[in-house]
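User: I would like to learn how to read some features of a protein model. Please take me through them one at a time.

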Amino acid sequence: MQAEEEDEVSVEEYVAGASFTGNDNDQLGFSSGDVLLVHTKTSSEWWWAELRGVKGYVPASYLLQGAQEGEEEDPWQHKEYFGSYGTLRLHLEMLSDKSRTEAYRQVILSNSASLRNKVVMDLGCGTGIISLFCAQLAEPSEVYAVEASSMAEYTRQLVKQNGCEELVTVLQGRAEEIELPERVDVLVSEWMGNCLLFEFMVESVLRARDRWLKEGGVMWPSSAALSLVPCQADSYYAETMAFWEQPYGLDFTPLQPLAQQEFFTKPKFSHVIEPEDCLTAPCDVLQLDMYTLQVKDLEEIKGHFHFCVEKSGVFHGFSAWFKVQFESLQRGGAPVELNTGPNSEPTHWKQTLFMLDRPVSVHAEDAISGSISLRRNPVWRRHMTVTLHWSVNCTQVGTKSFPMWR
């Protein structure tokens with residue numbers, strides 16, 4: 001890496017939110033709390049900065065803008081995050097997702113007898129739909145509906161409107177701060193984000209589990225897995241990259257590098273992959289046990305994959321989705337599964353697409369092997385970076401990191 005021309009007028013002051021150790025001569029190491037002067041924002045990931053007279057490249061995601069007017073940036077972005085759940089737009093999207101909502105309803109219904117006289121916590125309850133399912137379909141002794149956003153006020157109204165105020169108590173506050181009068185038998189939550197972990201609501205679930213779940217209590221979901229598959233993405237590639245080859249009979253190919261940076265640097269959320277676009281059978285690359293998973297485990301989670309190509313095609317990238325299972329409370333009972341993959345009923349999560357910089361032609365029986373890591377951003381705690389390492393027949397090798405979002 002080489003520094004670009006510096007414009008001293010545009011120097012900005014940033015504070016290191018976490019420590020960083022450079023791994024080559026061009027990278028500048030620093031400690032948490034150091035004040036750095038950023039001279040050039042060379043890319044979305046690396047900036048040219050200065051610390052005590054020494055200059056080098058630093059990872060942009062580790063830096064926080066200096067405080068202004070006595071305010072500090074919130075690495076958890078609580079105001080933005082909980083603010084979005086205080087409006088109806090996201091709740092309409094989630095409640096309109098029948099696959100998601102019916103899965104939770106089926107969990108309650110199929111375990112209704114076992115839930116009798118049990119204490120339930122519904123964490124991040126939103127409008128309270130799961131709590132209402134518990135109250136109407138089972139006979140728990142108490143349901144604590146916990147919601148940190150301003151939606152909690154409306155949830156109280158909905159509970160009363162549906163005649164469940166005797167069973168459901170709505171508590172407004174974050175999981176880390178609320179106090180309950182008792183421990184719970186069941187902790188249920190819909191915490192999953194894009195690519196399973198994005199936004200890291202799962203940390204709040206784990207902390208609530210450690211504080212409030214009884215010994216031998218039940219977690220719903222009980223387990224989770226991230227699935228991955230090499231795929232074709234002909235339409236998306238044509239729309240974003242091939243388009244520039246000859247629009248209106250003109251050569252716009254000089255814009256393709258810019259298109260690659262703009263459209264392929266970060267993952268594409270809400271992508272819909274058709275089953276026929278899968279070049280291989282999918283595999284589960286990450287598996288989480290919600291009883292044993294610890295908060296510290298979330299900093300980086302790794303998995304490996306080995307795919308055998310089933311048909312010739314163009315390897316444009318990888319698609320990812322998740323599935324979760326809810327164990328039965330009845331001995332020998334079948335678990336309920338919510339799967340967000342292309343062979344299941346559509347959900348509002350859809351799938352997540354990770355595009356290679358350049359497509360690769362593959363043929364039946366080719367081997368695609370490699371690894372995936374989900375590394376939590378050390379500063380912006382709801383964000384992460386997904387890094388994929390892959391090879392085709394152990395010869396064509398590639399590595400790419402995708403920030404989600406910082």
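User: Is Arg 52 buried or exposed, and what is its relative accessible area?

Analyst: This is a predicted model. Arg 52 is exposed, with a relative accessible area of 68%.

User: Which residue forms a salt bridge with Arg 52?

Analyst: Side chains of opposite charge can pair when their charged atoms come close. Here the partner of Arg 52 is Asp 34, and the closest N and O atoms are 3.8 Å apart. The pair links distant parts of the chain, 18 residues apart. Arg 52 sits in the loop between strands S3 (46-51) and S4 (54-59), and Asp 34 in the loop between strands S1 (12-16) and S2 (35-40). Asp 34 is buried, at 14% relative accessible area, whereas Arg 52 is exposed.

User: How many salt bridges does the count come to?

Analyst: The count comes to 17 salt bridges. One of them is between Arg 207 and Glu 203, at 2.9 Å from N to O. Both residues belong to helix H6 (residues 201-212) and are four residues apart, about one turn of the helix. Glu 203 is buried, with a relative accessible area of 7%, and Arg 207 counts as partly exposed at 36%.

User: Which parts does the salt bridge between Asp 284 and Lys 323 tie together?

Analyst: The side chains of these two residues, Asp 284 and Lys 323, meet at 3.1 Å, N to O. Asp 284 lies in strand S13 (residues 283-289) and Lys 323 in strand S15, so the pair ties together parts that are 39 residues apart in sequence. Asp 284 is partly exposed at 29% relative accessibility, and Lys 323 is partly exposed at 22%.

User: Next, the nonpolar core. Which members of the largest one touch the most other members?

Analyst: In soluble globular proteins, nonpolar side chains tend to be buried together. The largest nonpolar core in this model has 93 residues, and those that touch the most other members are Met 121, Trp 191, Leu 197, Phe 315 and Phe 318. A second, separate core has 18 residues, including Tyr 14, Ala 18, Phe 30 and Val 38.

User: What is Trp 191 in contact with, leaving aside its neighbours within four places in sequence?

Analyst: Its contacts are Leu 196, Leu 197, Met 201, Val 202, Val 205, Pro 221, Ala 224 and Met 290. Of these, Leu 197 is also listed among the core members that touch the most others.

User: Pro 221 is in that list. What is the peptide bond from Trp 220 to Pro 221, cis or trans?

Analyst: The bond is cis, with omega near -5°. Pro 221 lies in the loop between strand S10 (213-220) and strand S11 (223-231). Another cis peptide bond joins Met 404 and Trp 405, where omega is about -15°. Trp 405 is in the segment after strand S20 (396-404).

User: What is phi of Ser 270, and where is Ser 270 found?

Analyst: Phi of Ser 270 is near 55°, a positive value in a residue other than glycine. Ser 270 is in strand S12 (residues 268-271), and is partly exposed, with a relative accessible area of 37%. Glu 365 also has a positive phi, near 80°. Glu 365 lies in the loop between S17 and strand S18 (367-376) and counts as exposed at 68% relative accessibility.

Key
Residues are numbered from 1 along each chain as its sequence is written. This is a predicted model: local features need pLDDT of at least 70, side-chain atom pairs count only at pLDDT 80 or more; totals for chains, interfaces and linings use all residues. Side-chain values use heavy atoms; hydrogens and water are left out. A nonpolar core is a set of buried Ala, Val, Leu, Ile, Met, Phe, Trp, Tyr and Cys residues joined through side-chain atoms within 4.5 Å. Buried means under 20% relative accessible area, exposed over 50%, partly exposed in between (1.4 Å probe, protein chains only). Contact means heavy atoms within 4.5 Å. A salt bridge is a side-chain nitrogen of Lys or Arg within 4 Å of a carboxyl oxygen of Asp or Glu. Helices (H or I, at least four residues) and strands (E, at least two) are DSSP runs, numbered from the N terminus.
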